[in-house]
Amino acid sequence: METIVSGMRPTGNLHLGNYFGALRNFIKLQDKHNCYFFIADYHSLTTHPNPADLHKNVRTILSQYLACGLDPEKATIYVQSELPETAELYMFLNMNAYLGELERVTSFKDKVRQNPNNVNAGLLTYPTLMAADIIIHRATHVPVGKDQEQHLEMTRTFASRFNNMYKVDYFPEPVAYNFGEELVKIPGLDGSGKMGKSEGEGNAIFFVDEPEVMKKKIMRAKTDSGPTEPNQAKPQEIENVFSLMKLVSTEDTIKFFDEKYNDCSIRYGDMKKQLAEDMIAFTTPIRERIKEVENDSEYLRRVVRHGSEKARESARKTISEVREIIGFKSF
Ligand code: TRP
């Protein structure tokens, strides 16, 4: 059985892109593997959030992940800051992480460019913290996308550097979990490639969107003036609407609008109305569960306590072995 670790940044409400991208895969993995899923709240300190916001964001993301189907009985779900062993391992790894290699990381260079007045040490050592997150459980696999490949590569570097330095074969070198099927890319509503918050307000469909809001957003999705010839290729924005439909509508529905497109009789207003209806039907049970979970402090407390106990069991073992290897032996 593989040991899998993944972290989720507490950045706000979950949208459909998050769900069909990473989350749905986490839900599959938790049935088959030893999974650790945590909320990366130490990482968020690089941007200096205020305490109330930080807590609110952790609570939001935790509730929404649980409502979508992450199961605390199957996976170990915890909050990073409840696992101080991670911070200790992060410090150890930093002793062997070099300025040059950290400065060369693409995500660091991007952050420096975006925010030249906040180039802090936490930002520079983001990859060592992420490596600590992963190897604290001696994970073998990390289900991340392309944007995290470089961080994962550095995790392997730090793990093997530790092994070589102390002549041990202690940390596995974790690799990206390969999902076999191609990762689905979820388009946004603005006609461009990707659903995301940063692409502007109306681009993403959030699980917490109330039905009227969701419908309005979908009705405003970018479309063109319609096909003029039979069986014409679909432009990107039309392809996007079909892609979203494939996530939530029946095959018959998709076939119906596809045929209408091909014989040039399609009315995008009708198509979007149908998409909105199916999208609302798909997201409503999740939205309702989010509200339930978010208001159930007792449940959240139990989940977090249970998760951090399990995570700490694994982390404490690693840290005590690492201390022994490094030479911090007890008297
Ligand atoms: N860097 C990841 C992201 O931006 C979040 C993360 C932090 C993570 N620690 C991790 C992911 C450990 C996987 C494993 O999405």
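How much space lies in the largest cavity? The largest cavity holds about 50 Å³. The structure is a predicted model, in which local features need pLDDT of at least 70, side-chain atom pairs count only at pLDDT 80 or more, and totals for chains, interfaces and linings use all residues. Residues are numbered from 1 along each chain as its sequence is written, and side-chain values use heavy atoms, with hydrogens and water left out.

A cavity is a set of points where a 1.4 Å probe fits but cannot get out. A pocket is an open set with protein on both sides within 12 Å along at least five of seven lines. Lining residues have an atom within 4 Å of a point. Grid points are joined across faces, edges and corners, and a volume is the space filled by probe spheres set on the points.

By this rule, three cavities reach 30 Å³ or more. The lining of the largest cavity consists of Phe-92, Leu-93, Asn-96, Phe-158, Arg-161 and Phe-162. Helix H3 (84-94) and helix H8 (149-165) each give two or more residues to this lining. Helices are DSSP runs of H or I with at least four residues, strands are runs of E with at least two, and both are numbered from the N terminus. H8 provides the largest share, three residues. By class, the lining has four nonpolar residues, one polar and one charged. Here Ala, Val, Leu, Ile, Met, Phe, Trp, Tyr, Cys and Pro count as nonpolar, Asp, Glu, Lys and Arg as charged, and the others, Gly among them, as polar.

The second largest pocket has a volume of about 300 Å³. It is lined by 13 residues, of which His-55, Val-58, Val-79, Glu-82 and Val-304 are the closest to its centre. Helix H2 (51-68) and helix H13 (297-326) each supply at least two lining residues. H2 gives the most, with five. The lining divides into six nonpolar, three polar and four charged residues.

The whole structure contains 18 salt bridges, each a side-chain nitrogen of Lys or Arg within 4 Å of a carboxyl oxygen of Asp or Glu. One pairs Glu-85 with Arg-316, with the closest N and O atoms 4.0 Å apart. This pair links distant parts of the chain. Glu-85 sits in helix H3 and Arg-316 in helix H13, 231 residues apart.

Notes. On a 1 Å grid over the protein atoms alone, a cavity is a set of points where a 1.4 Å probe fits but cannot get out, and a pocket is an open set with protein on both sides within 12 Å along at least five of seven lines; lining residues have an atom within 4 Å of a point.
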